[in-house]
Amino acid sequence: MKETGQNIMEKIVALAKRRGFVFPGSEIYGGLGGTWDYGPLGVELKNNIKKEWWKRFVQSRDDVYGVDSAILMNSRVWETSGHTLNFTDPLSECKICKYRFRTDQITDPKVCPHCGGTLSSPRKFNMMFKTHVGPVEDTAAETHLRPETAQGMFVNFKNVLDSMHPKLPFGIAQIGKAFRNEITPGNFVFRTREFEQMEIEYFIRENDWRGRFESWLSEMHDWAASVGIRNLHDREVSAEDRAHYSERTVDLDFDFPFGREELFGIAYRTDFDLKAHTEKSGADLSYYDEEKKERFIPHVIEPTFGVDRTLLAVLISSFTEEDGGKRAVLKLPIRLAPFKVAVFPLLANKTLLVEKARNIYTELKKYAPVAWDERGNIGKRYYAQDEIGTPWCITADFQTLEDDTVTVRDRDTAKQERVAVTELKNYLEKQLE
Ligand code: ATP
């Protein structure tokens, strides 16, 4: 059978569910549209992605500072940022079946793709989730769940300046949840109503923006490659499709099985946000250059990454099939794999083997996440670990009891070698490097 994009997606979604990566949200109650839950392996993979990102863009740099701001913000933030007015998608509703569509995502804006009925003319639909803060549901207490993490960085600009005293150019980064009441969520975790973003606001002088934009764009490609995502396509976003704050946006598109779609984006937000917050809050969000004796409001380049879309692109990039499509191997980059190694006793009913394997397991667990499996036969256990991307499997067998060596089997080559138990930690450390 020829593989289609839909086919591959179905296999990945099924594997994600079966092996504890991603489950439908609120599943036992029939689900909740546009929400997904990450299971025991999914949360490890997601954490590893976030860790790699944080290490690369915050910890290993001198010029980027991390924050973790509140999801709930004063409603004036959203008025000032323009989201209350402008964070909208065009929505058309079918006059017959009442289905709703994003007008810019359908071929004929007048005809319902579901029943062929007539569609209403598009209206602006604000994607922010409304909520109330405190026990009184009056308009004064109304706010929204944040639709982007970016505003948390802008409102803390002065706090970071005053506490860390950075010199321009510098960035503020954050990883966190964002919420959008998408009209048509779908394609698994690609478009959801609750998701996570990894964003950097990189503050610069205005005349620096072109060079900084290009260098951040290239850093984004490098990071994607470091987590196994290759062949991203830069797409210049036209002025009419850009967000209201952006003077230039490039989307980095990935070839998902359902089509080429945005994975990351980079925008030149000018001084729009800091200027607007300065005007509306009364706080002074300017920067003073001590050398040049100049005070000004910095401009900003914003590289933005979706955690969930990255996780999906990682799964797609690492998904391979063996034995004529009978079994899957997730060739995850080692640093992303939920378990770095699995340990088995060759036979589960031989106490000495189980004890030996268990000791190895307990020892290695001090250094890395390790899986334990004693079900079924050894071949099945290898395949089960391949399917979740575990790079190495260690088996304690009868020879182990004689010479204290084990077999180490490599996920990608299926080659096995014998390694002394006392050398295991060094062996794995070397491979992990
Ligand atoms: P799209 O055009 O696909 O709706 P967007 O341009 O609105 O996306 P941005 O506002 O640039 O997206 O958000 C930054 C990043 O957040 C995106 O590149 C994407 O990775 C992620 N993202 C945005 N919306 C969603 C969503 N509904 N579900 C999952 N991830 C999302």
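This is a predicted model: local features need pLDDT of at least 70, side-chain atom pairs count only at pLDDT 80 or more; totals for chains, interfaces and linings use all residues.
Helix α8 spans residues 272-281, and its buried residues are D273, L274, A276 and H277. These residues cover an arc of only 165 degrees around the axis, so they lie on the same side of α8. An α-helix has 3.6 residues a turn, so residues three or four places apart point the same way. G282 follows α8 and has a positive phi, near 85 degrees.

Helix α2 covers residues 40-59 and helix α7 covers residues 209-226. The two pack at an angle of about 140 degrees, and their axes are 11 Å apart. This angle makes α2 oblique to α7, because only angles over 145 degrees count as roughly antiparallel. The crossing of α2 past α7 is right-handed. On the α2 side, the contact is made by I49, E52, W53, R56 and F57. On the α7 side, W216, E219, D222, W223 and S226 take part. The residues of this contact divide into 5 nonpolar, 1 polar and 4 charged.

Two residues of the α2–α7 contact, I49 and W223, are also touched by T310. T310 lies in helix α9, residues 307-318. It is buried, with a relative accessible area of 0%. Beyond residues up to four places away in sequence, T310 also touches M198, I229, L263 and F264.

Notes
Residues are numbered from 1 along each chain as its sequence is written. Side-chain values use heavy atoms; hydrogens and water are left out. Buried means under 20% relative accessible area, exposed over 50%, partly exposed in between (1.4 Å probe, protein chains only). Helices (H or I, at least four residues) and strands (E, at least two) are DSSP runs, numbered from the N terminus. The arc is that of the directions from the helix axis to the C-beta atoms. Axes are lines fitted to C-alpha atoms, for helices over the stretch in contact, and angles run from 0 to 180 degrees between N-to-C directions. Angles under 35 degrees count as roughly parallel, over 145 as roughly antiparallel, 65 to 115 as roughly perpendicular and the rest as oblique. A crossing is left-handed if the near helix is turned anticlockwise from the far one by less than a right angle, and right-handed if clockwise. Contact means heavy atoms within 4.5 Å. Ala, Val, Leu, Ile, Met, Phe, Trp, Tyr, Cys and Pro count as nonpolar, Asp, Glu, Lys and Arg as charged, and the others, Gly among them, as polar.
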